[in-house]
Amino acid sequence: METHTIKYRILSQLAKRISSPCLFNLFQPKKMFAKFAQATKQQNNIDIVRFGTISQATKMQQQSNIDIGRFGTISFSASDDSALMKQILSTHSPHGLEVDVKPILPVIKDVLHQANLSMDSVITSGARDQADALVKEKTAVAGFDGKLKEDASIINKISCELTCKCSGGDDAHSIAMTIFNNLSNYSWDAKMVISLAAFAANYGEFWLMAQLSTTNPLAKSVSLLKQLSNIRGHASSLKSRVDPINNLLHNAILKVIDFIFQFKELPPQYISHERPPAPLATAMAHFPSAAYWTIRSIVVCSTQTTSLLGMSNEQSKPTEALELSSLAEKLANIHICLSSLLQDCQAHIDENKRYKRFCHLFEMVHIEDNMTILKDLISLKDDKQQKPLLGGSTKKRVLFMISSSLHLLIFSSLVHQIRRFYYAYNGLASRKYSRERLQYCLYRPDLDHIAEEELFALKRTYDEAKTKSDLQYEIVWIPVVDRSSDEEMSRKKFEQLQAKMSWYTVADPWLLDPAFIRYMKEEWHFSKKLILVALDPQGKVVCNNALHMFMVWGNIAYPFTVAKEESLWKEETWKLELLVDGNYPAISDWISQGKHICLYGGADLEWVRNFTAAAKEFAKTAGITLEMVYVGKSKANERVKKITSTITAEKFTHCLPYPIYISYFWTRLESMWYSRTQHGKTAENDRILQEVSAILSFDGSEQGWAVISNGSTEMVRANGDTILKIIKEFKLSAEETKQKGFVPILNENIEKSRKLHHCNKLLLPWTSTGIPEKLLCADCARPMEKYFMYRCCTD
């Protein structure tokens, strides 16, 4: 009864050890082991530890006289995971030494295979047919050139370590660590192969001597000295003891080593080993653990092979069989993990191949038309209809556009409720110091998906083009879906957006090739904001993002090339028409009538009331006609909505329609800023960029602001406090206005009132390109720095 109890204790300890979480926590123990382990732990208060040597081994040996220490039975402790890895890694110092050990591997496999045949010959008492099979068996040695070179000495050294220490009663962990120390300069795969080669040399010699001992006098004498003579007399029990060793060798150790080599042989042109992707990096992080359990398994195989010397008819001890099976399970878990990671690496390689194909595609010159490239871009995987596009007007699935002589605008955006990222520049200046901070602002907009003002501008410009024969282009929307979000919800949002579009759209974006999406992100710098890539009729990319010129000039920018954008900017000057772009048609009439015009914004209703009342009185005193238009803020929130409703109801000034025209005004202003900076302009040397930056910085503050013009080009700007103070306190007569001009006088007073201490903020939507590292303050020309701010606006 006591013997059975001790055996069950050993079983429970090993079962609990296998089920513990570890670097490769994939194996679940059988329920009978788990339940018995738990019961045994409670009854006997046995501590289960994870690595190293069994802490209760001595106590159990004293109780049962079962020798389990010499086999190095695995012991585990919950805190020993990291300790073991540190211990293993501390022995690893390759110093750039790279030894090609793969040529040795076929020889090792051949030795193990031939050893199995020798073992069968021994068990069947040297049957003649087995002996003939050994002679005729083709071996890998025939194709091996024997160039072991420096590997031979280290293999002999490890072979000696295994022979001496495995027969001397040392535990498996300490022997494994000795091997690691001896192989410190070798890579992880070389450590495993050299250790297995050392074992194979001993193992092959063992079975060779056992086989030849009945036919070769020398072998017979050596076998007597090595106590191999009794093996043939115990053939019945020999196979049951050797089969678990062979199972561990062939079905676990060799499989893990083969997988390690498959990782090393992944093509470097498609997967980097210096900067590995996630699956390869994860696999490489597991190599030390895989090496440890492989070498430890080799040590246990060596120990149990040594135990066959002088064997009697007794069956193997339960700890021997369980140690081998548990190690086989451990390596099987490692094999499963590496197999999964290798599949991920192969998927990464396949995507890289397709990505490079897209790169090559855009480098080619498509003489015929741009349909060739479009077909490759939007060919949908698993599309049963084979019609990747949806017609804008018909809303029916189509193959491709009929005309191939059109310019093509590829319009890409995210399809989910996006977060907009904003860069913010802040400048604080005073008499004594200038201080800049870095801010990052993250917020969720009121409008989902593509901003409504962007969709409005695209549709207005596209529909206009359809009425003019000289504007030969088409737009194709290629949406990028968030595959991590709920597909049903995303698909519903996609279809709602698709219904608003009058141009071609990809019918099912979930079937787009991920390699193409990656190409858009890496080569076209697509991220959160939508982009508009322009292709000429031959499929050549003529502008990576024509969205900004599209927003600023509309169809005037056709054919939307970088050269066209440059020529348009050369013709532009800072004037009111550039600022408003027909968003409020009455402005053009006011300019022709010689009226003064005031654009103002902000989200403070009280300031709006005070400013408009004071401005009207000021204009009356100065003897001018002043038309005022409220343009709100870039975030057309509830406060802006309330102000526009109040203005409309009380009719004390004009205002841009809420929310589309107000949002479009600001989005277009941002496009001006991006377009100018992408062409190398700075506020230091460019008047347009300086004025645009100033108005955007007004929008970044919480107070109001105003731009006042006389005609088209004579303009002055100021923040809310400054302009309100001047028009309230300064008395300007009609005669003075007639002599000096209203705007010059106002500008003179604004310059005098400009504060030495101020705080200007410039908020810009995040984009992967076009954000300069340096910006100058619009008031004092001091450098501003970008910084991060997190803000939640619920109004």
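These legends describe close-up views of one predicted model.

Residues are numbered from 1 along each chain as its sequence is written, and side-chain values use heavy atoms, without hydrogens or water. Because the model is predicted, local features need pLDDT of at least 70 and side-chain atom pairs count only at pLDDT 80 or more, while totals for chains, interfaces and linings use all residues.

**View 1. The whole chain.** The chain has 28 helices and 17 strands. Helices (H or I, at least four residues) and strands (E, at least two) are DSSP runs, numbered from the N terminus. Of the 795 residues, 53% are buried. Buried means under 20% relative accessible area, exposed over 50%, and partly exposed in between (1.4 Å probe, protein chains only). Among contacts with a separation of 6 or more, 75% link residues 24 or more positions apart; a contact means heavy atoms within 4.5 Å.

View 2. Helix α22 covers residues 605-622. Its 18 residues should span 26 Å at 1.5 Å a residue, and the end C-alpha atoms are 25 Å apart, which agrees. The expected span is 1.5 Å times one less than the number of residues. At the start of α22, a side-chain oxygen of D604 comes to within 3.1 Å of the backbone nitrogen of E606. G623 follows the helix with a positive phi, near 75 degrees. Buried residues of α22 include W607, V608, F611 and F618. The largest nonpolar core has 99 residues, and Y473, F560, Y600 and F611 have the most contacts inside it. Its largest share, 9 residues, comes from α22. Another core lies apart from it, with 78 residues, among them V99, I179, L238 and A283. A nonpolar core is a set of buried Ala, Val, Leu, Ile, Met, Phe, Trp, Tyr and Cys residues joined through side-chain atoms within 4.5 Å.

View 3. T646 sits in helix α23 (residues 638-650). T646 is buried, with a relative accessible area of 13%. Beyond residues up to four places away in sequence, T646 touches L605, R609, K651 and F652. The C-alpha atoms of T646 and L605 are 8.8 Å apart, across 41 residues of chain. K651 lies in the loop between α23 and β12. K651 is not a glycine, yet has a positive phi of about 55 degrees. K651 is exposed, at 69% relative accessible area.

**View 4. The five-stranded sheet.** An open sheet has the order β12-β11-β10-β13-β14, with mixed pairing. β12 (654-655) and β14 (714-719) are the edges; each has a single partner strand, so one side of each lacks a neighbour in the sheet. Two strands pair if DSSP finds at least two bridges between them. β11 (residues 626-632) and β12 run parallel, joined by 2 bridges. Y630 has C655 of β12 as its bridge partner.

View 5. β13 and β14 pair antiparallel over 6 bridges. A706 is bridged to A718 in β14. The hairpin has 3 residues between its strands, and G711 in the turn has a positive phi of about 80 degrees. Helix α25 (residues 687-700) packs on the sheet, touching β13 (705-710) and β14, at about 30 degrees to β14. Helix α26 (residues 720-729) lies across β13 and β14, at about 110 degrees to β14. Axes are lines fitted to C-alpha atoms, for helices over the stretch in contact, and angles run from 0 to 180 degrees between N-to-C directions.

Terms used
A polar contact is a pair of N or O atoms within 3.5 Å; within protein, one must be able to donate a hydrogen and the other to accept it, and residues adjacent in sequence count only if both atoms are side-chain atoms.
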